[in-house]
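Here are my notes on the model you sent over, as numbered points. Have the structure open while you go through them.

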Amino acid sequence: MKTGIGSRRPHRAAVSLVTGGALLLGGTLAAAPAHAAPVNNSPGRPVAAVPPPLKSVTSPSIVAKGGFVMESEHGRTTFSKAADTRRPTGSTTKIMTAEVVLSQPNLNLDAKVTIQQAYKDYVVRKGASSANLVVGDKVTVRQLLHGLMLPSGCDAAYALADKYGTGTTRDARVKSFIGKMNTTAKKLGMTNTHFDSFDGISNGSNYSTPRDLTKLARDAMKNSTFRSVVKTKSYTAKTVTKSGSTRTMATWKNTNPLLGSYSGATGVKTGSGQVAGYCLVFSATRNGKTVIGTVLASTSSAQRTTDATRLLNHGFARVG
C-alpha cells in the first residue's frame, strides 16, 4: 500500500476556514458577522470610550510668559504657550510638598508635630510667607497641610519636611524630603523639573514648567484630602500648647483668588517671587468636566487671575 501524500485521506474533523469574509464550518459556508466586537486586551476592564474631539476655539492671549491647560479626564491639551520652558515656580512648589506627604505609607493625618524654633527662624531669615505657627505647639499633619496650602506657610512646609524626611539630623531629614520630591517628579514624567527646596524658596536650581506643574496638579487632585484642602477658602486650626491647653489660631485664608471669583473653581495653588513673577496652578469643574492648568511668570497678582480665567474659559469651550 502506498503511503505517499496523494493517498492520504482527509481528516473527518470539522474544518474552519475564513475566506473572503465568510466562515467555512464543516463544509458549510456561513456569512461572517458584519462588525466584530471590540477587543479588550485588559481582562476585567471595560473598553475605554473614545472621547469626542476637542472643539476648535480661538486661543486667548495671556500676559504670563508660560501657560498650559488640559482637560483632566483624558489629559488632552487645550492650550500651550512655552509649556516646556523651565522657570522658577515660587510657592507652587508646595503642591509637590503636599504630594509627598500624602503619599506616605500608613499616613496618619491626626499625628501631631511639635513646632520648632528652627521653623520660625527660617521664615524670619528668608522673609517668607508664614502660617504663624507658635513654637512648642503641637499641630496635626492635617492642620499643617492647610497651613501649607492656604496661607502658603513656609513654616508649615519646613515642619512637614522635617517630619517626613529621614535622617538623624534636621538638615539630613530636609535633604531626604527634597530627594523624595524629585523622585516623585520623575515618576510623574516631570522631565523638566527639579526641586532644591521644600517651599519654592530656591537655592538656585528650583524650577519646573507649565506642563510639568499641570501634570503634578492633575495627579495630586486624585487624592481626596488634597482636593479638600485646596478648595477650602478659610480654615481655623486649634492647636495644643506646651501646657496642654488649646490655642485657636488666627484663621488662614486661601491665597487662590479663583475660589471666590470663578464658578466651579476647585484649587489649587498660587506662587510668586522676584524671579518667578506671579504664578498660579488652577483647576475647575463644570458639568462633570474638569479643566486644569498653570500660568508662570505673569506680571501681577491680578493679571495671573485674568490669565487663568481666560484659559479656564477657553478650556471649557474646547471640551464642550
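1. Start with the crossing of α3 over α4: helix α3 passes α4 in a left-handed crossing (left-handed if the near helix is turned anticlockwise from the far one by less than a right angle, right-handed if clockwise). In this predicted model, α3 covers residues 141-149, and its axis is 8 Å from that of α4, at an angle of about 140°. That makes α3 oblique to α4; the classes are roughly parallel under 35 degrees, roughly antiparallel over 145, roughly perpendicular from 65 to 115, and oblique for the rest. Axes here are lines fitted to C-alpha atoms, for helices over the stretch in contact, with angles from 0 to 180 degrees between N-to-C directions. From α3 the contact takes V141, L144, L145, G147 and L148, and from α4 it takes A156, A157, A159, L160 and Y164. By type, that is nine nonpolar residues, one polar and no charged. Contact means heavy atoms within 4.5 Å. Ala, Val, Leu, Ile, Met, Phe, Trp, Tyr, Cys and Pro count as nonpolar, Asp, Glu, Lys and Arg as charged, and the others, Gly among them, as polar.

2. A word on conventions. Since this is a predicted model, local features need pLDDT of at least 70 and side-chain atom pairs count only at pLDDT 80 or more, while totals for chains, interfaces and linings use all residues. Residues are numbered from 1 along each chain as its sequence is written, and side-chain values use heavy atoms, with hydrogens and water left out.

3. Helix α4 (residues 154-164) also packs with α2 (residues 117-126), at an angle of about 140° and with the axes 9 Å apart. That makes α2 oblique to α4. Which hand does the crossing of α2 with α4 have? It is right-handed. A118, Y119, Y122 and V123 are the α2 residues involved, and they meet C154, D155, Y158, A159 and D162 in α4. This contact divides into seven nonpolar residues, no polar and two charged.

4. Now the sheet. Five strands form an open sheet in the order β5-β4-β14-β13-β12, with antiparallel pairing. β5 and β12 (265-273) are at the edges with a single partner strand each, so one side of each has no neighbour in the sheet. The twist averages 5° from one strand to the next. Two strands pair if DSSP finds at least two bridges between them; strands (E, at least two residues) and helices (H or I, at least four) are DSSP runs numbered from the N terminus.

5. Helix α6 (residues 210-220) packs on this sheet and touches β4, β5, β12, β13 (277-286) and β14, its direction making about 140° with that of β14.

6. Follow β4 next. With β5 (residues 76-81), strand β4 (residues 66-71) pairs in the antiparallel sense over five bridges, and V69 stands opposite F79. The two strands form a hairpin with four residues between them, and G75 in that turn has a positive phi of about 70°. β4 is also joined to β14 (residues 289-298) by six bridges, again antiparallel. Here G67 has V295 as its bridge partner, and M70 has I292.

7. How many residues of β14 are buried? Eight of the 10 are, so the strand is largely enclosed by the rest of the structure. Buried means under 20% relative accessible area, exposed over 50%, and partly exposed in between (1.4 Å probe, protein chains only). β14 pairs with β13 as well, antiparallel over eight bridges, with R286 opposite K289. β13 and β14 make a hairpin with two residues between them, where N287 in the turn has a positive phi of about 50°.

8. For burial elsewhere, look at α1 (residues 94-102), where nine of nine residues are buried. The buried residues include K94 and E99. By contrast, N203, in the loop between α5 (170-187) and α6, counts as exposed because its relative accessibility is 60%. Leaving aside neighbours within four places in sequence, N203 is in contact with K126 and D196.

9. Overall numbers, to finish. The protein has nine helices and 14 strands, and 45% of its 320 residues count as buried. Of the contacts with a separation of 6 or more, 60% come from residues 24 or more positions apart.
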